Amino acid sequence: MLQFDESAGLSESEPVPPAFPDDVLAADQLVRLAAREYLLGRGPLEAATRVGDQITPDWFEPQSPNIFWPTDRSWCVATEIDFDSTLVGGSEQLVTELVTHERLEAFRIQPQDSLQDNADHVN
């Protein structure tokens, strides 16, 4: 059950959708990676756009998943919590398509490359 602070302008009688739709999140699974805990969800890719916080019935604050991948594990997307970067791992063809796409700012990186803000020599 969701609990609301009355100062937020909501009453307990107002219906608010859950923050994580049932087809997105199976909250019984917790995964620990690199000193962080993640809730493990499952669902279609487009369901990832429905993850976030339903602040009021009319105000949804989206939160992209930190890590997601398809069932066949042919690629993986990870958004780093502490930096401003999203990493994509996949086939050579996928990486080439991403780094050459005209609407994306994408670069190849190596394991030794830094994601810290002072490491960006392009921007």
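# Reading a predicted chain

The model is predicted.

User: In what order do the elements of the protein chain run from the N terminus?

Analyst: The order is β-β-β-β-β-β-β-α. The helix, α1, spans residues 92-100.

User: How should I read burial, and what percentage of the residues in the protein chain is buried?

Analyst: A residue is called buried when its relative accessible area is under 20%, exposed when it is over 50%, and partly exposed in between. In this protein chain of 123 residues, buried residues account for 13%. The chain exposes about 9900 Å², and 52% of that comes from carbon and sulfur atoms.

User: Take V77 as a case. Is V77 buried or exposed?

Analyst: V77 has 12% relative accessibility, so V77 counts as buried. Its place is strand β6, which covers residues 76-79.

User: Which residues does V77 touch, if residues up to four places away in sequence are not counted?

Analyst: V77 touches N66, I67 and F68, and also T86, L87 and V88. For one of these, N66, there is a distance to read: V77 and N66 are eleven residues apart in sequence, while their C-alpha atoms are 7.8 Å apart in space.

User: What do contacts say about the whole protein chain?

Analyst: Take the contacts between residues at least 6 apart in sequence: 27% of them join residues at least 24 apart. For Q116 and F83, the sequence separation is 33 residues and the C-alpha to C-alpha distance is 6.5 Å. Q116 lies in the segment after α1, and Q116 counts as partly exposed because its relative accessibility is 42%.

User: Where is A106, and which residues is A106 in contact with?

Analyst: A106 is also placed in the segment after α1. Apart from neighbours within four places in sequence, A106 is in contact with L98 and V99. A relative accessibility of 25% puts A106 in the partly exposed class. A106 and S85 are 21 residues apart in sequence, with 9.8 Å between their C-alpha atoms.

User: Now the charges. What is the idea of a salt bridge, and how many salt bridges are there?

Analyst: Side chains of opposite charge can pair when their charged atoms come close. The cut-off here is a side-chain nitrogen of Lys or Arg within 4 Å of a carboxyl oxygen of Asp or Glu. By this rule there are two salt bridges.

User: Which residue forms a salt bridge with R32?

Analyst: The partner of R32 is E37, and their closest N and O atoms are 3.6 Å apart. R32 is exposed, with 56% relative accessibility. E37 is exposed as well, with a relative accessible area of 53%.

User: And which residue meets R108 in a salt bridge?

Analyst: R108 meets E92, with an N to O distance of 2.8 Å. E92 is in helix α1 and R108 in the segment after α1, so this pair ties together parts that are 16 residues apart in sequence. R108 is partly exposed at 44% relative accessibility, whereas E92 is exposed at 51%.

User: Which residues gather in the patch of negative charge on the surface?

Analyst: That patch is formed by D84, E105, D117 and D120. D120 is found in the segment after α1. With a relative accessibility of 37%, D120 is partly exposed.

User: Which residues make the nonpolar surface patch?

Analyst: L87, F107, I109 and V122 make a nonpolar surface patch of about 370 Å². I109 sits in the segment after α1 and is partly exposed, at 41% relative accessibility.

User: One more feature. What is the phi value of R73, and where is R73?

Analyst: Phi of R73 is near 55°, which is a positive value in a residue other than glycine. R73 belongs to the loop between β5, residues 67-68, and β6. R73 counts as exposed, because its relative accessibility is 66%.

Terms used
Residues numbered from 1 in each chain as written. Predicted model: local features only at pLDDT ≥ 70, side-chain atom pairs only at ≥ 80, totals over all residues. Heavy atoms only, no water. Patch = residues over 30% accessible without salt bridge, like charges linked within 9 Å, V, L, I, M, F, W, Y side chains within 5 Å. Areas by Shrake-Rupley, 256 points an atom, 1.4 Å probe, with all protein chains shown as cover. Lys, Arg positive; Asp, Glu negative; His and termini not counted. Charge placed at Lys NZ, Arg CZ, Asp CG, Glu CD. Helix = DSSP H or I, 4+ residues; strand = E, 2+ residues; numbered from the N terminus. Buried < 20%, exposed > 50% of the residue type's maximum accessible area, 1.4 Å probe, protein only. Contact = heavy atoms within 4.5 Å.
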